[in-house]
Amino acid sequence: MWNPAKKSFGAGIPHGNIPYDDGLRTITVSKDELEPEVKIPLPPTNVHASEVREDYVVLSWDEPDPRGKEPLSYYIEKSIAGTDSWQMTNLDIPVNSTTFAIFDLDKGKSYCFRVRSVNKYGVSEPSAPSSNISLGKKIAPLPPPSQVLAFRDTSTSVVVHWSKPKEDQEQLLGYYVYSKEVGTEEWETVNNKPLQSHEFTVPGLKTGKEYVFCVKAVNEAGVGDSSPESDAIVVRQAISRPSPPRGFALLNCGKDNMTIGWKPPKHKGGTTILGYFLDQHDVLETDWHEVNIKPIIQRVYTVTNLDHGHFYEFRGYAMNVVGVGKVSEPSDLFKCEEWTMPEPGTKEIEVGVDEEGSIYLAFETPEVVDTSEFIWSKDYEGPPKPDRVEIISKDDKSKILLKYGTERDLGTYSVEVTDTDEDISASHVLTEEELDKLRKISHEIRNPLIELISGWNIEVLEKGEVRLWLEVEKLSPEAELHLIFNGKELSSTPTHKINFDRSRGLVELIIQDFCEDDKGTYTAQLKDGKAANQFTLALVGDDFDKLKVDADAKKREWKRRHGPHFIEQLKWKVTEECEVLLTCKAGNMKKESTFKWFMNNKARSDGQYEPKTGDGNLRIKKITKADKGIYKAVVSDDRGQDTTELDLTKEVLSASPLKVQPTADGIKIYSEVKYYTDAMKATWYHNDKRLDIGDRLKTGTTIDQIWVLILDPKESDKGKYTLELFDGQESRKLSTDLSGKAFDNALAEHPRLKQAAVVEEHRAKVVRGLPDVATIMETKTLCLTCIISGEPYPEITWYKNEKVIIFKDRYKMEVKGTVITITIENVSSEDTGKFSIYVKNKWGSETGRVTVSVYKRGEEPAELKDEPPLI
């Protein structure tokens, strides 16, 4: 792109000024002051094209001489070559410099240009025309180099060479080099500015990885096409012969031998040193003599058969896979006389446990060079075994990670750093006591536990939903929860909603319609980074049964208060006339409510419903096979719907297979039947022998279950159990095997359930007494009484709108054993709200709630206004 240059006046003199310095003072004289007086300026001279491009021309000229003192500007005119028609190009705007770029020229035409000078007195005559000038040709991108070669340099760099162009490329700005790791798609630009040379060292490559390279030429037209790729090259240190060993020292001396030590070469040639060769020289002799024929592996060697009292010097060669390197400089002179050099000092090895819980020994030194290596040894017998440790070396630090950390890892660890100016080494003795401390820290890091704040809690909500929740310490946003039910993971659904509040550490499961399918074991498995824990709740046996009763009761009560529902579920009986009568009872009905009967989902018109009492009945005068089916009664209105069903499809003696259930009292074996009457005969057998009912064996029946209970179960109770049912016409036998795993599992579960029963018996509870709603008129005295239980005696706290009540003035509390009474005198509207009593002991806690509504004298309570008519 054209960039007009500023014209200078005089050799090395800033525009318009001439400095004068006589050593004492400095005078600056304006060049304009030296110019003669000129009125109308003279025309410029030397009008020519200083730069020609495809779409513009840069025109340059010299100032008139003399130019005069007044400031000058210029007008430029153009004419098609061969004509005498001149046209102004700078649109009547004078140009203040002696350079101007002219655009909007036609390709294929030649032009002449002339320039006029302008000052405040007027315009000069035109200058002499320039020679003919035409637009230049379009600049094309340059072709790429024909060949690119890559050579090894260091462990992280490669030297790239590329061919020079066959023809001189004057417009060449330079080259860009690109690299790509083999197996990837993306090329990376290596250099930021174009390179003027034909060679570049590419840094920052990954050791051991394969790379290819290409080169592109660049000129004013842009970056050209890519060259062919180089051959792939693996990034490794370039291999060459090693430099000489250095720093020869006398470590020990006997009467006729010397122990010589030396430092490794500064440059190993990109590969491992395989050994050393030594020469010795007695100063009394002329020639050098070789000391060893086979390479010396270590950097210490004892030279023997020397003459006592003589002076010797030594030199050496290092060898790698390329060959033997150059000879070193001779050592100092050493006298062969008996003495021993003290051992040099060492740096310290760091011992600890990292963030992953791995036990490590680490050594760090800033004196390393690119070719340095950390050489570890165990008990001075060579490198530690790779199946016991992992060695990680990077930059100026090397670390040994113990894979197991057992007694086999005790001992002395030493490390030596090669290719350094100074001998750098260290050692550490790992003792049993130190290893035990490290293992303890490692275990704590690898196995942190999430802290439990509050274990599993169980609540029945207003609509009969069951809420299971627990609380742990605050967790990070990345924490994970897996809620396991009977061995399978639960996911959140509308009927089983899982809430996981990590910021509060809250785990919550809300079960909408609590039923038999929800019986079992719930386990919350928590993981937060490395920390983890799990907490289990067993909802089985009496615990489950009681919870289900509470949930069903709350659900019914909610339905009673909010919509039509069945107070009594559908059931059947045989009348004295031998008719089958199906009965049920509905509640909370209104005029618009409907009551319908169905059999196998088909409407039955012979069913009856009495609105005044809510009783429904369906009479089957003579039951036949055609009457077998699923009977259903449905009540509904705009507030909702409720259904009750009865299955009359099975035979009278239909009974489920025997089931085994551990309980708090022992082991229960039972069969579920459709119904049971005293006319039926049930007989139990153990190993085909009739059971004798006694202190340890109890039997019983309900309308839908026949059972035997084994109290205090023992090994002798193992075996086959059989139940025989007989109704006077037909007989049926059911059997199960209570042995092996079935017996062991039941026997193991029994004491846990027994303990759970003890906990439930002694847990703090609000037994009865508080109503759901208490309505009272202003100025009256309100008494709320409830009965609590628990051993030890519970702590008692009353709340109003979730704030602790302080008993003073109008608020009083009386405790008489298990009877707790709260009295509020002279009640007012301020006393309206939600009251609750919270009882707690070491076995558990419970909350009883009541809503207090205070109305003014003469008003009808809001609760009575909305109460439905009695049926």
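Reader: Why is Trp-61 called buried?
Author: Trp-61 has a relative accessible area of 1%. Buried means under 20%, exposed means over 50%, and partly exposed is in between, with a 1.4 Å probe and protein chains only. Trp-61 is therefore buried. Tyr-74 also counts as buried, at 1% relative accessibility.

Reader: What kind of model do these values come from?
Author: This is a predicted model, in which local features need pLDDT of at least 70 and side-chain atom pairs count only at pLDDT 80 or more, while totals for chains, interfaces and linings use all residues. Residues are numbered from 1 along each chain as its sequence is written, and side-chain values use heavy atoms, with hydrogens and water left out.

Reader: How do you know that the pair of Tyr-56 and Phe-103 ties together separate parts of the sequence?
Author: Tyr-56 is in the loop between strands E3 (45-52) and E4 (57-62), and Phe-103 is in the loop between strands E7 (99-102) and E8 (110-119), so the joined parts are 47 residues apart in sequence. Strands (E, at least two residues) and helices (H or I, at least four) are DSSP runs, numbered from the N terminus. Tyr-56 is buried at 6% relative accessibility, whereas Phe-103 is partly exposed at 43%.

Reader: Why is the pair of Trp-61 and Tyr-74 called edge-to-face?
Author: The ring centres of Trp-61 and Tyr-74 are 5.5 Å apart and their planes are at 65°, so the pair is edge-to-face. Trp-61 lies in strand E4 and Tyr-74 in strand E5 (residues 73-80), so the parts tied together are 13 residues apart in sequence.

Reader: Which residues form an aromatic cluster?
Author: Phe-566, Phe-595, Trp-597 and Tyr-609 form one.

Reader: How do you know that Lys-216 sits over the ring of Tyr-178?
Author: The rule asks for NZ of Lys or CZ of Arg within 6 Å of the ring centre and within 35 degrees of the ring normal. The charged end of Lys-216 is 4.8 Å from the centre of the Tyr-178 ring. Lys-632 lies over the face of Phe-598, with 5.9 Å to the ring centre.

Reader: What makes Lys-548 and Asp-552 a salt bridge?
Author: A salt bridge is a side-chain nitrogen of Lys or Arg within 4 Å of a carboxyl oxygen of Asp or Glu. The closest N and O atoms of Lys-548 and Asp-552 are 2.9 Å apart, so the pair qualifies. Both residues lie in helix H3 (residues 541-562), 4 residues apart, or about one turn of the helix. By this rule, 35 salt bridges are counted.

Reader: Why does the pair of Lys-720 and Asp-688 count?
Author: The closest N and O atoms of Lys-720 and Asp-688 are 4.0 Å apart, and the pair is counted as a salt bridge. It links distant parts of the chain, 32 residues apart: Lys-720 is in strand E56 (residues 719-726) and Asp-688 is in the loop between strands E52 (681-686) and E53 (689-690). Lys-720 is partly exposed at 37%, and Asp-688 is exposed at 59%.

Reader: What makes strand E55 mostly covered, and which strands pair with E55?
Author: In strand E55 (residues 705-711), 6 of the 7 residues are buried. Two strands pair if DSSP finds at least two bridges between them. E55 pairs in the antiparallel sense with strand E51 (residues 666-672) over 7 bridges, and with strand E54 (residues 697-702), also antiparallel, over 6 bridges. Ile-669 stands opposite Val-708 of E55, and Thr-701 has Ile-706 of E55 as its bridge partner.

How values were computed:
Rings of Phe, Tyr and Trp (its six-membered ring) pair if their centres lie within 6.5 Å; planes under 30 degrees apart count as stacked, over 60 as edge-to-face and the rest as tilted.
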